[in-house]
Every structure is written in structure tokens, then in C-alpha cells.
Amino acid sequence: MRTISESRAFGGVQGVYAHQSSACGGEMTFGLYLPEQAEEGPVPLLWFLSGLTCTHENAMMKAGAQRWASEMGLAVVYPDTSPRGEGVANHEAFDLGQGAGFYVNATQKPWAPHFRMWDYVTEELPRLLFNAFPVAEAAQAITGHSMGGHGALTIAMSFPGRFRSVSAFAPICNPTASDWGRPQFLAYLGADEATWAAHDATNLMRKRGFDGPMLVDQGTADQFLDKLRPEALAEAMVTARQGGTFRMQKGYDHSYFFVSTFMEEHVAFHAAALHA
């Protein structure tokens, strides 16, 4: 692992680091904010998964989590959204290829050699973090925006007991029934739609739900509502009697202005679970 930068922020340190990834077959970059409390010992860890076209940098620079994480004693990790670099497959569409990993393990050509974001986020990067930084494996929570909200929800429901809480900002809720899901799953996972179900938050909610508190925020003025399908997840939560909160925020769109507006509440939501 190599250090790209480390900057003081709200008493803690916002770092950017790169390492060779066996899951993705090349160098991956991530951001990690460590609050001042980490100088005394391991602190709880909040994962932030970003959306389409983003790198590790978008949420790190725009979401404003560091201030609240500092006050509440949480570390925040910002993984990249896909493998990158020479030799990594790409596509002219913004929602396929680099910047659009969809947090799955691709099985189809030309994506399979590098696009293994599920393994990267759930196995490889956690091992690196817990070995190299003062973050507590037993106290994790996860959130994300858009495609990253999809990733946060599907990962949280797929690893019972790992995350004490989950939240999402405008997540892709039902990708198997959306233009933000079906084309990408066909490309990455192939034509057998049975393999897609494990990466659909609505399907997972109907099947097993989440074993902890859940918070979802969605803007009513989001220009991508038809692709996000929040109504499908909300209905599944009710049917599954899932404990949690689903909020439609009047007038908010899909941007980081929306995310940053409600970031304090999301960090506080996770802090309550992580410090319980």
C-alpha cells in the first residue's frame, strides 16, 4: 500500500491510499477518514459506497461526512466504484464499465478479469483496513448513494451480523426491473436472470431483510426516479415488516447537494448503532 495524500480535517486525518488488488487485478485507490479518537485505539467504521461515474473522491470531497464523523468518533472509508487503468475493459456508456462496477463479480467477457467489486468491497479491502488502520472490525456500518446505495443495501442484507446499521441515499432499489440494472447485469453476469436476484435490494428485502436499523432517503425531485424504483423497496419493506425509516424528501434531486443536506442525520443514525 502507498500513501497518496494525508490531510488534517476536523482534528482527524483524511487519507488517500492505493494498493495492488488481487480481486480487481490492478491498482485500486480508496479514501479513509480517521477521526482524532483513532489515535487512542480502534474506532467504528462507516463504509460509503459511491454511485455511477464516481471515484473514491466524489463523496470524500462533496458529502461532508468528515465533520460529523469527527464529532461522533467514526472512521469513514470511500472505496472506488470500479477497477481502472490500462487493460481494464470499458464502454462508451457512462453506466457500464469503468466508474460503473455495480458492486458485483462479473462472470462475462470482457469484464470478468477485473470487475470483481463484490469481492473487493466485502473481502479484500476489509482485510487491508483492519490490518493497517485503527478501525474496529466488530463495529461496522454501511451507506451509499445511487449505485452505491444499491451496493450498501445488497451487501448489508447478504452478510447478516456484519453491519450494525445500513442507510442509503437515492439507491437503485430494484435493478432487475430497471434500465439501471438489467443492461449492466446482462453484460456482467450473463443472460441467466436467476444470478441477478442476489444483487437486487427489493428481492433481498422480500427474501431476508436486514437484521438491524435501516434508513433510506429519496428526493421527490430526483430526475432518475423511474430508474431507481424506490416504491418497490418501500413496498417490500412493509411486506417484510422491516424495521426502518423510508423518507421521501420534498424537492430534493439526485445530487450531492441532497446527500450533504442529510449526511449529518445519516452519520448520527449510524453512530447510535455503532456506539450502542
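Me: Is Phe-102 buried or exposed?
Reply: Phe-102 counts as buried, because its relative accessibility is 0%. Buried means under 20% relative accessible area, exposed over 50%, and partly exposed in between, with a 1.4 Å probe and protein chains only.

Me: What kind of model is this, and how are residues numbered?
Reply: The model is predicted: local features need pLDDT of at least 70, side-chain atom pairs count only at pLDDT 80 or more, and totals for chains, interfaces and linings use all residues. Residues are numbered from 1 along each chain as its sequence is written, and side-chain values use heavy atoms, with hydrogens and water left out.

Me: Back to Phe-102. Where is it found, and what is its phi?
Reply: Phe-102 is found in the loop between S5 and H3. Its phi is near 60°, which is positive in a residue other than glycine. Most residues other than glycine have a negative phi, and most peptide bonds are trans. As for the labels, helices (H or I, at least four residues) and strands (E, at least two) are DSSP runs, numbered from the N terminus.

Me: Which residues does the cis peptide bond join?
Reply: The cis bond joins Lys-109 and Pro-110, with omega about 0°. Pro-110 lies in the loop between strand S5 (75-79) and H3.

Me: Now the sheet. How many strands, and in which order?
Reply: Nine strands form an open sheet in the order S1-S2-S3-S5-S4-S6-S7-S8-S9, with mixed pairing. The edges are strand S1 (2-9) and strand S9 (245-249), each of which pairs on one side only. From one strand to the next, the twist averages 20°. Two strands pair if DSSP finds at least two bridges between them.

Me: In which sense do S1 and S2 pair?
Reply: S1 and S2 pair in the antiparallel sense over seven bridges, and Ala-9 stands opposite Gly-12 in S2. The two strands form a hairpin with two residues between them. Phe-10, in that turn, has a positive phi of about 50°, although Phe-10 is not a glycine.

Me: Is S2 mostly covered or exposed?
Reply: Strand S2 (residues 12-21) is mostly covered, with eight of its ten residues buried.

Me: And what about S2 with S3?
Reply: S2 and strand S3 (residues 26-34) pair in the antiparallel sense over nine bridges. Val-16 stands opposite Gly-31 in S3. Their hairpin has four residues between the strands, and Gly-25 takes a positive phi near 65° there.

Me: Which sense for S4 and S6, parallel or antiparallel?
Reply: Strand S4 (residues 43-49) and strand S6 (residues 135-144) pair in the parallel sense over six bridges. Val-43 stands opposite Val-135 in S6.

Me: Which strands does H9 lie across?
Reply: Helix H9 (residues 256-274) lies across S4, S6, strand S7 (163-169), S8 and S9, and runs at about 170° to S7. Axes are lines fitted to C-alpha atoms, for helices over the stretch in contact, and angles run from 0 to 180 degrees between N-to-C directions.

Me: How do H3 and H4 pack?
Reply: Helix H3 (residues 117-132) and helix H4 (residues 147-158) pack at an angle of about 55°, with their axes 12 Å apart. H3 and H4 are therefore oblique to each other. Angles under 35 degrees count as roughly parallel, over 145 as roughly antiparallel, 65 to 115 as roughly perpendicular and the rest as oblique.

Me: Which residues make the contact?
Reply: Trp-118, Val-121 and Thr-122 of H3 meet Thr-154, Ile-155 and Ser-158 of H4. Contact means heavy atoms within 4.5 Å.

Me: Next, Ser-50. Where is its place, and what does it touch?
Reply: Ser-50 has its place in the loop between S4 and helix H1 (57-62). Ser-50 counts as buried because its relative accessibility is 0%. Not counting residues up to four places away in sequence, Ser-50 touches Thr-55, Ala-59, Thr-81, Tyr-103, His-145, Met-147, Gly-148 and Tyr-256.

Me: Last one: is Arg-8 buried or exposed?
Reply: Arg-8 counts as exposed, because its relative accessibility is 55%. Its place is in strand S1. Leaving aside neighbours within four places in sequence, Arg-8 is in contact with Val-13 and Glu-39. Arg-8 and Asn-131 are 123 residues apart in sequence and 22 Å apart in space, C-alpha to C-alpha.
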